[in-house]
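Here is my note on the model, in numbered points. Please read it with the coordinates open.

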Amino acid sequence: MKSAFLFPGQGSQYVGMLNDLPNDPVVKHILEESSDLLHLPIESLHNNKALSTTKAVQQCLLIASVSTYKVFEKNGLIPSFVAGHSVGAFGAAVAAGVLTFEEALKLVTLRGELMERTCDHGYGMAVVLGLDEYRLSEIVQQFFNEEEPVYVSNRNSPTQLTLSGSIKGLEKVIDYVKTHGATSARLLNVSTPSHCPLFKNVSEELLGELNKLDLKRPKIPISSNVNSRLLRQADAVKEDLAKSICYPVRWHDAVNLLYETGTRLFIEMPPGDVLTKLANQAFSEVRTMAISKSNIDDCFYVMSN
């Protein structure tokens, strides 16, 4: 049975998340390495105050997912494919051997800083349920203007879409769609408008940093955020990591591609189970597991058999 490891993005974080990782020396090593690289105690990264910042959230997501993946790698349990949602793509790149953990942590830190600096207030994201991409795009075009820009961003499922842009613009779209076909629409607890043209400069600066690195060819194919293709070359991964921040995440398409290649087991790295729920909604016959401290042995058993 082909398997894919999924690396979550923003929205999966919670206070104290790094305390809930598997009890393993590999995890302890990654936590210590992270503390040394960031010159911060780990405890200061995942408290309530820290997780109100984009930078700390993205750092914690990378640390949690990569440290857990390394436990599987140590035990010889390697997936057929990897995929990461938004910043999770950096964890997937580490798992595939394209980046070292140190390189990824520095890039993710820069990414968070650039995002905060570019749109420091008055911007965010929203989620809309019940409308398809074509209809929501039509509505967004009706409300779009340069002073209060709004864009359709992540395509998490055919009828679960996110918007990015100015809070005032988002609120206008939310009010409209609630009476025009949406089953739910609300602002997300995100302070930056990810995956839209507002972050073109962030994409360009990230690409500049990526160009300085000696990226390796993926040992495991990566399902792309941007174009929903399997990435098998270092340059393709580099482009995906850089472009993703200013292009929509086509997550449903990326997971659908894995399904079409025969993947029937999806295992989500910590924290949370957002991505496994989406996989279950899309494909009722697949098996999904979201790793926690208490069930990692079960995941080992399923991977081994």
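1. Start with S86. At 10% relative accessibility, S86 counts as buried (buried is under 20% relative accessible area, exposed over 50%, partly exposed in between; 1.4 Å probe, protein chains only). S86 sits in the loop between β2 (81-84) and α3 (88-95). Helices (H or I, at least four residues) and strands (E, at least two) are DSSP runs, numbered from the N terminus.

2. A caveat on the source. This is a predicted model, where local features need pLDDT of at least 70, side-chain atom pairs count only at pLDDT 80 or more, and totals for chains, interfaces and linings use all residues. Residues are numbered from 1 along each chain as its sequence is written, and side-chain values use heavy atoms, with hydrogens and water left out.

3. What does S86 touch, not counting residues up to four places away in sequence? The list is R111, H195, N225, S244 and V249 (contact means heavy atoms within 4.5 Å).

4. Leaving aside neighbours within four places in sequence, M17 contacts H46, C60, L61, A64 and P271. L215 is 198 residues from M17 in sequence and 29 Å away in space, C-alpha to C-alpha.

5. Now the domains. The assignment gives domain 1 (3-118 + 197-304) and domain 2 (123-188); the bounds come from an automatic or database domain assignment. Nine residues from domain 1 and 13 residues from domain 2 make the contact. The C-alpha centres of the two domains lie 26 Å apart.

6. How much area is buried between domain 1 and domain 2? About 920 Å², with carbon and sulfur atoms giving 58%. Buried area is the accessible area (1.4 Å probe) that two parts lose on being put together, summed over both. Six residue pairs, both at pLDDT 80 or more, are in polar contact between the domains. On the side of domain 1 that touches domain 2, six residues are nonpolar, two polar and one charged.

7. The rule finds one salt bridge across this interface (a side-chain nitrogen of Lys or Arg within 4 Å of a carboxyl oxygen of Asp or Glu). The structure holds 14 salt bridges. E133 and R250 meet in a salt bridge at 3.2 Å, N to O. E133 is partly exposed at 25% relative accessibility, and R250 is partly exposed at 23%.

8. R250 also pairs with D253, with the closest N and O atoms 2.9 Å apart. D253 is partly exposed at 29% relative accessibility. Salt bridges with shared partners join E133, R155, R250 and D253 into one network.

9. K238 and D235 form a salt bridge, closest N to O 3.7 Å. They are separated by about one helical turn because they lie three residues apart in helix α8. K238 is buried at 17% relative accessible area, whereas D235 is exposed at 55%.

10. Last, helix α9 (residues 251-260). W251, A254, V255, L257, L258 and Y259 are buried there. Just after α9, G262 takes a positive phi of about 105 degrees.

Technical notes:
Polar contact = N/O pair within 3.5 Å; in protein donor to acceptor, adjacent residues only side chain to side chain. Nonpolar A, V, L, I, M, F, W, Y, C, P; charged D, E, K, R; others polar.
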